[in-house]
Every structure is written in structure tokens, then in C-alpha cells.
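Please have the chains in view while reading.

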Protein chains: 4
Amino acid sequence: MLIVMKPNATQAQIEAVSEKIRSLGLTPHAIPGAQRVAIGITGNKGALDGGLFESMPGVADTIRVSQPFKLVSREVKAEDSILDVGGARLGGQAIAVIAGPCSVESKDQLLEAAHGVKLHGATFLRGGAFKPRTSPYEFQGLGEEGLKLLALAREATGLKVVTEVMDPDDLPMCLDYADVLQIGARNMQNFSLLRKLGAVKKPILLKRGPSATIREFLMAAEYILASGNYQVALCERGIRTFETMTRNTLDLNAVPVLKSLSHLPVVVDPSHGIGLRKHVPAMARAGIAAGADAVIVEVHPRPDQALSDGHQSLAIPEFGELMQQVRIIASALGRAPRLDGPQV
Amino acid sequence: MLIVMKPNATQAQIEAVSEKIRSLGLTPHAIPGAQRVAIGITGNKGALDGGLFESMPGVADTIRVSQPFKLVSREVKAEDSILDVGGARLGGQAIAVIAGPCSVESKDQLLEAAHGVKLHGATFLRGGAFKPRTSPYEFQGLGEEGLKLLALAREATGLKVVTEVMDPDDLPMCLDYADVLQIGARNMQNFSLLRKLGAVKKPILLKRGPSATIREFLMAAEYILASGNYQVALCERGIRTFETMTRNTLDLNAVPVLKSLSHLPVVVDPSHGIGLRKHVPAMARAGIAAGADAVIVEVHPRPDQALSDGHQSLAIPEFGELMQQVRIIASALGRAPRLDGPQV
Amino acid sequence: MLIVMKPNATQAQIEAVSEKIRSLGLTPHAIPGAQRVAIGITGNKGALDGGLFESMPGVADTIRVSQPFKLVSREVKAEDSILDVGGARLGGQAIAVIAGPCSVESKDQLLEAAHGVKLHGATFLRGGAFKPRTSPYEFQGLGEEGLKLLALAREATGLKVVTEVMDPDDLPMCLDYADVLQIGARNMQNFSLLRKLGAVKKPILLKRGPSATIREFLMAAEYILASGNYQVALCERGIRTFETMTRNTLDLNAVPVLKSLSHLPVVVDPSHGIGLRKHVPAMARAGIAAGADAVIVEVHPRPDQALSDGHQSLAIPEFGELMQQVRIIASALGRAPRLDGPQV
Amino acid sequence: MLIVMKPNATQAQIEAVSEKIRSLGLTPHAIPGAQRVAIGITGNKGALDGGLFESMPGVADTIRVSQPFKLVSREVKAEDSILDVGGARLGGQAIAVIAGPCSVESKDQLLEAAHGVKLHGATFLRGGAFKPRTSPYEFQGLGEEGLKLLALAREATGLKVVTEVMDPDDLPMCLDYADVLQIGARNMQNFSLLRKLGAVKKPILLKRGPSATIREFLMAAEYILASGNYQVALCERGIRTFETMTRNTLDLNAVPVLKSLSHLPVVVDPSHGIGLRKHVPAMARAGIAAGADAVIVEVHPRPDQALSDGHQSLAIPEFGELMQQVRIIASALGRAPRLDGPQV
């Protein structure tokens, strides 16, 4: 159930509706839109009677939400959500680019990468301090030292920092250093972690699990919104199929489907998606052409020496070429105002 | 093994090398390129000794082919192959668009579709006269009557006709009417049919099987080339995955991989790929952005009355909008000279 | 629609009902059961009115068939179908074992294999004369020479011959030599071939395609029955998944599902299914425990010298051990009367 | 690297080798076997020189471990591991059966289920107090109240309690009540949780992720062993494929592969695997026939009223019939001594 308030509804009217919802043992979610506030209701088992609310002051309409996902859906919020990350935006008309190394390895490596991607037009820096690795014997990341280096790189470049949190115990520490928290594909259905993100005041980049359906992906995001954090971006990073020539199968079909079902920004990760350095630019182009709002790309000053994912990381000049390609497609679609040149 | 002839090699020198190959019990495949002719060799069990050919007049070099697919590979032919279909081209710099109904249903339906797609810039007309249907009780196509209508539509519009052949017995009849023969996804590894296409003098549009790896797809094309027909285009039309919101998962990762491994033109089928009418244009855009040479799209004058695939067919005005999108991306990539306006 | 005749219905009454069906432009399929004949109807677009038939002499009942597959369904025929192959049975209470080499390679190889599998209790000999191979450059089978050797092996051992037909042109030749025609996984939806099998008077072993759903598999069988041949066995041989340690993923879930939906016998192919010699016996045991009526196993006198599939073929003594395992499980389930000892 | 001690090696000699390993900055893992102790080494980047250890007293041999998984591998420990859960065993010659409801719903429901499954021969009681649900709006389990009910049911029946832990914060509480901790499929690569299980003194039932390869599954178990807890059982519960008639595809191929690669016990979950009540017994039979050491089955006193997974839960009499089937197969394989009758 969604209660749509009139454009001129007062805060007191909104609060009165919320209170009425609470009095029924349910949870209200006030969602501000461009024109009006809508109030989502969760916690009900069956359908609610709209008549309970329709005569309250300030209420314009009540709408049954037909999808199992509610707060993430277009039904609840028709306009695209835009995440504001300290001035840098993710979502909306301009294409955002997130770039940087798979893992933070050293101060030199990270600063070199950060300056390089900034030069070519990225606005977000990615880098892992905590790395989910298939084997317990592989490099697991620098931990807090890595986070400190990310903060240093932000200071040096102005780029906003995106980094993965794996362990709820690390959440406070990650929040101290990061601008956007990434939830990795393997944790997409780590529901206890998702719920803890509800209390977080920073945006979340949620990656699709390698065998998650689009519906499950939206439901995972719904966990975060239902817990109180509406700042979520959805990242398609490749699903697992029978194909072995590519690392994963970047599922660009998900892009228009997600955009039509949800108001959340959609990010595409061509690096993990296809997993082959030379084909990353083609998939970045295709992702934007499919309608994505942002791309996230692995860039390393010396890919051949990378401690992880070197085979799919771009060298900085290659990233420069990718940005050229991204600009061409984004411009063609009228989506590239802030990408029109190196920005040193 | 590939024998690269000198740019000025004579026809007699080429024939002498071919004869030498035959004398070893093997099969020569002379492949003309922009600069020089290369001669592929098939039929050998192990590696051949290049020394057998290197001293022959006109021979520039011998190259070991490292991939299991040979005649389709870039190693054997570096330049993009372009299919010439009675003047209409598939492959090369310009993006080709193939459009039309899933099934030929009637004269009116087909002519309306043909004129509509022609108006908006398509150069090829698709339409099925023999339909592979999951159920024996579903509409199986009009057969020869459908082929005749396709020929009529060609006469009326100048569009080249692409139609599927399922049964080797129908091959002569299909050849009488069609300009390009389509092999459907379910027949991608119907090796006896593939071999029969080697003797055909018309181009083949080979669709990727729903669970075929890229390597298997290229090997299926190799069957046709090895049997003597080098006029083949590769069509990605969606693979089968766990996702159920989309009909198939259009695997755009395959596009740059195929383009880098093979010289054959690559076509993308967003209609079957995503299977949802409203998302077909996004996937067509993405396919071209990924590097495809052509798109094939289902268009029906009245999709809701279609006997098959209506839910994924575009109405003619929707196709016009798709063409706008295609032009925008193709132009951005410098690939759209022949698509710049309605062509009545 | 299914018309169930009374147990004592006469042939004339059955014919009268069939004629009435034909008069409506539809096709009757008289399906004899243990107690009574049922007449399936195909060709209708919507639901038929049962009242058209209910008052006809000999008619006991009319039943709406709820599944898209009809003639293969348990609704149409409740009892298990048993294929009678010149006295050898496939389906029913006893477990049948089909064994032999992937490809027929030579007289010695085949006779050695045939005598070996006969000794250990197989009743059917498998062997490919026409081989569907991913690459056009791999061994494609001995063709008619292979068929002749199979006939020779039958004469020598009394085993019934199961062999694959790929090309409709080879159908008459295969029928001359084989007792059961196998349709390979890649041809499961080669509908023009399936339809031609309707006119064949020999049983068909239809393999499930690597990405065919259970429903599609049943619909493929339906093509054969609807074309007039009711002697079909369904063979699960592994589906394609993301797992790479095994060749395919033998989907034993399909066994109880198929058995509950269809009256046709179900065969399991552990050799292709798991593709690893040492695990073939475990999967054969599991297949029978899941409810399969038969297993088909690759056996070669010298697997390491096999021209195809050697890594998954059992040597003859290994097959003997597999048969021990099969007997143990089959006996436990009360299904193994004819497998209780070497039968030289 | 694995150091195999002599059968008569003293504790001091084992400790001396362990100390030597630590002095190299690496981690020793002493793994007791039936005949001798082996010491696994982890933490090394490249190959170690066996000569460093071969002359030490008590050392019999040094072995290079060829697989990426080490402590879980048969190379490190040839004999089957058996988990001892307060006298109840998981692994080894007898087949163990774990049964109970998907979710703990109430005292009556749980006690009824527990007495029912005990009566028919189960030795472990399953039941979820914390439920991972796709939607945040679905029943999430009773939490600690559910754990208390499980402890009550253990007291009443003597069954050992198996329950899922999702959140590291709940670990101490779960340890207070449970005998075996289950890690659900969605958390199989929740590496921070896996590492925390290393310090736990209770056995872990690790479920395979729906798109995890067998190698990834073993690597996830390796995380737990490498962190110090060697009491792990591996549970195959179905992978995600394109098939939609079954909930998942129970991958019984994984059973013999896991048993040959690893010494850990293998459990099969036919309830989640096929997800259809009437086919659970067939898949339980097949799982044991494939070589599994245990089955885990959902049982509910009134499946149609279950708050979760009712469609795949067996009623208690159905579970009794399943146990009959399990006994038949287990007995045939010589694996069923403790299952030979109701045990009230």
C-alpha cells in the first residue's frame, strides 16, 4: 500500500498518516518525490483497506503495490533517484564513472591510480581494503591500512571513495573512511548485513549476486530500504552461466528491466562482467547504451603486477580510451555533461 | 595451417599450392583478402610441416592456426568479412537492419510489415515460412505459400529476404525464394544440415544455440565454411540462464569476443534476446554499442494479433523509434551512413 | 481432449469415435492400455465439447488434458509404457541396460565390446555409426560400415542394436540395421527429423537437449507420438550448467518428474551425464534409485585408445563392476529379475 | 605441503615440526588420522622445500598438495572424517538422517515434528530460528525463542539439534542451544562468517551455494578448517539452473566428486534440491545411492499450514515412508545398521 500525499500536504499531515500507520502495528516509509511525498507501508500480511486513509487531510490517493518489492519500485516513486555523495552524484542525467584498482595495495599504487582516473574524468574512486577471495590463502586486503590510503587519495584528488564492507564488525570503521559502501556479489543475500545497512547514513552500492534473479536483486535492495536507508544503487556485474570464455556473463538485459521496475540508479561493472581487459570498453559502451546511469571499472597503474584481477584491469591510458568511448555514447544519448574533458 | 600468398601471387601459383595440398590427402580453402590470398588447410590430424610449402613460388609465409576453429578465425583472415546480398551488404562499416514479422501470416500482414520497415530504413526483410515450435500443435508456418509471399514483398520493396530453413528437404525450395538462409538456434548443431549448406551459393545467417558456448558457435560456423560456403553471419539471440523475467539472456559479451576471434559479421537479435517489446530498443542500442554489425528485429503491423511472438514484436511506429535509436548509436560510432533517413 | 472407451468397447465403436473426430477436422490417436483404449484428439485450437462424444456407444468418459503435452502424458495413459524390441524390453518392472562403445571403430573393437557387455548382463548394444561432433575435423563415424558391424554384433550376441540417426537421408539405411533409433541431444528440437520418426516402425530413444526444460523434452517426444510412432523412450543425459568439474550435470531430478508426468520409459545416461569414468557407477546407481527404467553406458575394450569419449568409457571389467552395483540397487527396489548373473 | 608423521611419532616430535613451521612464519595444522598424524601447512606463497622437514625425527614423508583446497582434501587425510555430535555420528559407515521443520513455529509444532521424526529413525532434528528470506516482509523466524524450543525438543527426544546461524552476532547464542551450526546456501561465501566458525567447537553443516562450483564449495569449507575448526560436513542442496519445474536442480554429480576429493562427510538435501514434496523420497534414495553419508529432510506435522516451505515438507507419515526407502537403499549398500526400525 502506498499513500500519495497532496503536493501541498503539510509535515503535520504526513506525520498524522504515519502515526495512523504505526497505530495499526505497521511501518510507514515517507518517500519524498519531486512533486509530493508518498508514504509506503510495510508489515501488513494481506491487503489494507485504502479507506482507512483516504479521508485524512492531505491524502491525495492510495495505491495498491502489485510487486513483491515495494520501496524500490517505480510504483512507489516514479522519478529516478539520485544519490548525492557529498556533491558528486550517482544517478540522474549525467553518467558517473567509478574507477580504481581491485585491491588497495600500497600508497604509490593507489595514488597513481587515483590521479590517473581523475585525470580522465572519473568522479569516484574504487578500491578494496577487505577482499572476498575464493581461497583463504589468497591476498585478503590491507584492512584499515587500505581504508586510510583511500581517505588519503580522496584528499589528494577530491574523488569520492567506494569500498566494500564484508563484515558487520568492520562497518563502523568503513563508515569512518568511505563515501559509498559496496556490498559484494557474494553478500547480496547476507540479510543480516543488509539490515544493518538500514541504519547507515551513507549510500550503498549493492552488487547483484552471480545467480540472483532480477527479482531477488530488487528484494535484496528492499531489505536496505525497508531498514531505513533509501540511498542505494544497483550494480549489475555479471551472472554465472555455462560460458567459459568470459569470466561472467554481464547481463545487460537487466539494465532496462531494472530501470523500468525501480527508481534506483543502475551501475554496470564491465570489468567483472566480461573479465577480459580488451573487451571492457565495448561492454562499458554497451552498458550505457542499454540505459545504465554509471559504470564501475577496474584500473591499475601496472595491471600485470596487480595482486588481484590484473587480467581484467585497465592500465591508465587504456582507461583514458575507455572514457573517450563512454563520452561518445553518453553524448549521443544526451547524458554526458560532466564528462567532457580531462579535469586536472 | 594457413599458407599466406604474396600480394602479387598468380592464380597459377595459388592453384599449384592447392594441388600440393590435395596431393597430401588434405583440403585447400583459398580465402581472398584485401591484400592477398590465404589458403587454409583442413583434414590434417596433427601439425603440418610448413617447409613443404615455404619454397613454393608465390608463398609469403605459413602460419600455424592455434584455435580449433580455423576458417572462421581472424588468424586465417584478418579483415572483416562482408556479405554481399545482391547489392545489400551485411557486415563492414555500415550497420544493417533486418526486420519483419516472426511468421509470414498473410499477404496483407507481410506487405504492410515490409513497406513499414523499408520506410524506416531496414534493408532486409525477415519472416518465417517454416517455424520451429516447441509444440507440434502450434502454428507451424505457411510453408511454400509463405516463401512466395516473401518473394512478392521483395519485389514490392526491394528488401532482401531472410528466412529460416529447418528441413534439408526444403533447401531447394527455400533457395528459390530467399536471399539469405537462416539456421535457427535449435538447429545450430544439426551438423548434417550445416554440411548441406556448404554447397549453397547464398549467405547463411547462423543463430547461436541457447546453450552453445562461443567456441561451439564458431565450430558450427566452421562446419559451413569447411563444406565450402564462406558466406556466413553469426547471430547472437540470447542464451538460456536461470533468469525468468526475460525470455532469454541476450549475451552481448559474445559480440566483442566473436568480433575479435572471427572475421565473420556479427548480428544481434534483441527481440528473441530479451523477449519484451518495450526493452527491444535498449538492447538494440546496446548490441550496436558492443560492436555488432547488424540487428535483426521482429516487427508486426498488429503485434497483438500475431500468430507467434507478438509480445516481443514491435509495431511499425515503434520500429521507427528503434531506428532513431539505432541511428544515434551507429552515428556516434561512425557506422551509419546508409541509415540516415526514411527511404521511400 | 481424451476419450476413454469402456473396457469392452468394440473395434467398430473405437473406429466410429475416430471417424467422428476426423469429421471435425481433427486427428484421433487410439492408445491401447491394459484395461481399455483411450483416444487422444489433437489438432483442436480451443477446448472441445465432451458432449459430442459422451453419448456414443462404447464411450466411458471424456477428459480434458490439462498439460500442453498430451499423448505422452499420464493423463492419457496411466500405465507405464513398455517398448518391445524383438523380445527385449525397455520399460516396465525390470531394469534394462544398454551398453557399448561411443563410436563403432572396427570389427574387433565392436565384437569385443559386445561380447563383454553381453557377458555382464546388458541386453542392448549401443554404438555410433554417425557421430555428431563439435568440430568438423573430428572423427565423424564409419557410416554404413559401422551399421553393418552393429548388425554383425547383434548376430553374434543377440543384443539389440541402438544407434543414432542424425540425417533424415540416413533414416532408411539406419532402419535396415538398427533395432532402436537414437536421437541425440543436439537434435532434440530438430522438429523436421522428429516428424519423420512418426512414420518409423521402430522404437526411438530420444535424448534430452543440454538446455531443454523437462516440458520442452516432453513436447519433443510429443512430436514423435503426434506423428504416429508411440514407441519412444526418454533419456536424461545431463544438462549444461556452470559446473566445470563434470562434463554435464546429470539431472536426476528429471527422473521422478518425467515418471510422474509421462507413461514413457525413462533412461539415464551416466556416461555423458557426469563424464568421468570413475564416477559413472555411482551415477548409474543413483539413476536407478531415482526411478529410471534403464541405463545406457559407454563401454570400450580399451578406453584409452577410443576415438571418442574415452575418458568417460568403462573398460569391460569396470562395466562388470557397474552391473554388480546396478543389480544391488535394482534388487533392493524389486526391479532386477533379468540381471541376476552373467549370461554367456 | 603435507608432512606425514610416522605411526609411532611422539607428541613432542609433532610439536617440534609444528614449531619449525611457525618459525618460518607459516601455520601448522595437525590432522590426526587412523594410523598416523599428518601436518598440513598453510600460509606459504610458493612451494616449500620438503628437505626442511624430512630429516626431523618422527617424519615419514612430505607431500606436495596439488589442489587449491588443502585441509579438506583426501591428499591430506585419506580416511573419511566422522563428526561426533555428542554420541550421534555424521559420516562414516551408517547413514544419518536429519529431519524437522523448515522453521520453528511453535512448541506444539516442533515437539510434534521432533517426536515424529525420532519415531521413524532420525537422529538429528533440524529447525530454523533465524530464516534467510528473499523478502524482508516474510516470516524471519522466532529467534532466541526458536532456539529455546529446539533445546526443549532435544531434551524431550534425545535428537541432536541442527540450526542455521546467519549473523555473527547471533553466534554465541546459537552455540548455547545448538549441536550443529548450519551455514545456509546464501552465506556459503560469507567469508567473515566462515572465519568466525574456525573458533567454534561445534560441527558445521555447510550448504553449497546455488551457483557455487564444487571447487568453490570446497574452498569455502577450507576457510573454516584453515581457521581451526575441522568439524565440517558438506551439504549439496541444489544448484540454480534454467529448469523451472523443480525448485532447484539437486546436483547428485557433486556427491561422488566431493567424496573422492575430500574426506569430509557429504549430506544431501532433497527437500530444497527438488522442492516438490512427492519427489523428495526418490531424490533421498538417489542421494544415498550416489554415495552421500546423510540426508536432511524437511518434515512438518501439517505441511499445508507451514509458514515456509510447506510445498516441499513431508508430513510425518510421508517421512516414515521415506525412511523405509532410505533403509532399503542404505541396506543394499551395507550402510544402514542404525536405521533398522522405529526407535521410540
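The sections below cover the basis of the model, the relation of the chains, one interface and a few single residues.

## Basis of the model

This is a predicted model, in which local features need pLDDT of at least 70, side-chain atom pairs count only at pLDDT 80 or more, and totals for chains, interfaces and linings use all residues. Residues are numbered from 1 along each chain as its sequence is written, chains are lettered from A and ligands numbered from 1 in the order in which they are written, and side-chain values use heavy atoms, with hydrogens and water left out.

## How the chains are related

Two copies of a chain are related by a rotation about an axis and a shift along it. Copies are superposed here by least squares on the C-alpha atoms of residues with pLDDT of at least 70 in both.

Chain A is superposed on chain B by a rotation of 180° and a shift of 0.0 Å along its axis, with an RMSD of 0.1 Å. In chain A the C-alpha nearest that axis is the one of A:A286, 2.1 Å away from it. Here too the same surface serves both copies, and 100% of the contact residues of chain A recur in chain B.

## The interface of chains B and C

Chain B gives 35 residues to the contact, and chain C gives 35 residues. About 2800 Å² is buried between chain B and chain C, and carbon and sulfur atoms give 51% of that area. Buried area is the accessible area (1.4 Å probe) that two parts lose on being put together, summed over both. On the side of chain B, the residues that lose the most area to chain C are B:T134, B:Y137 and B:R240, together 23% of what that side buries.

There are six salt bridges between chain B and chain C, a salt bridge being a side-chain nitrogen of Lys or Arg within 4 Å of a carboxyl oxygen of Asp or Glu. The side chains of B:K196 and C:D167 form a salt bridge, with 2.8 Å from N to O. Between chain B and chain C, 23 residue pairs are in polar contact, both residues at pLDDT 80 or more. A polar contact is a pair of N or O atoms within 3.5 Å; within protein, one must be able to donate a hydrogen and the other to accept it, and residues adjacent in sequence count only if both atoms are side-chain atoms. In chain B, α6 (191-197) and α7 (214-226) each supply at least two residues of the side that touches chain C. The largest share of that side, six residues, comes from α7(B). Helices (H or I, at least four residues) and strands (E, at least two) are DSSP runs, numbered from the N terminus.

A:E243 is found in the loop between β12 (232-236) and α8 (254-261) of chain A. With a relative accessible area of 5%, A:E243 is buried; buried means under 20% relative accessible area, exposed over 50%, partly exposed in between (1.4 Å probe, protein chains only). The A:E243 side chain reaches the backbone nitrogen of A:M245 at 3.0 Å and makes a polar contact with the side chain of B:R208 at 2.9 Å. Apart from neighbours within four places in sequence, the residues in contact with A:E243 include A:T249, B:A212 and B:I214.

## Other buried residues

B:V180 belongs to strand β10 (residues 180-183) of chain B. Why does B:V180 count as buried? It does so because its relative accessibility is 3%. Not counting residues up to four places away in sequence, B:V180 touches several residues, among them B:F124, B:V161 and B:L205.

B:D309 lies in the loop between β14 (294-298) and α11 (316-332) of chain B. B:D309 has a positive phi, near 60°, in a residue other than glycine, and B:D309 counts as buried at 14% relative accessibility.

Conventions. Contact means heavy atoms within 4.5 Å.
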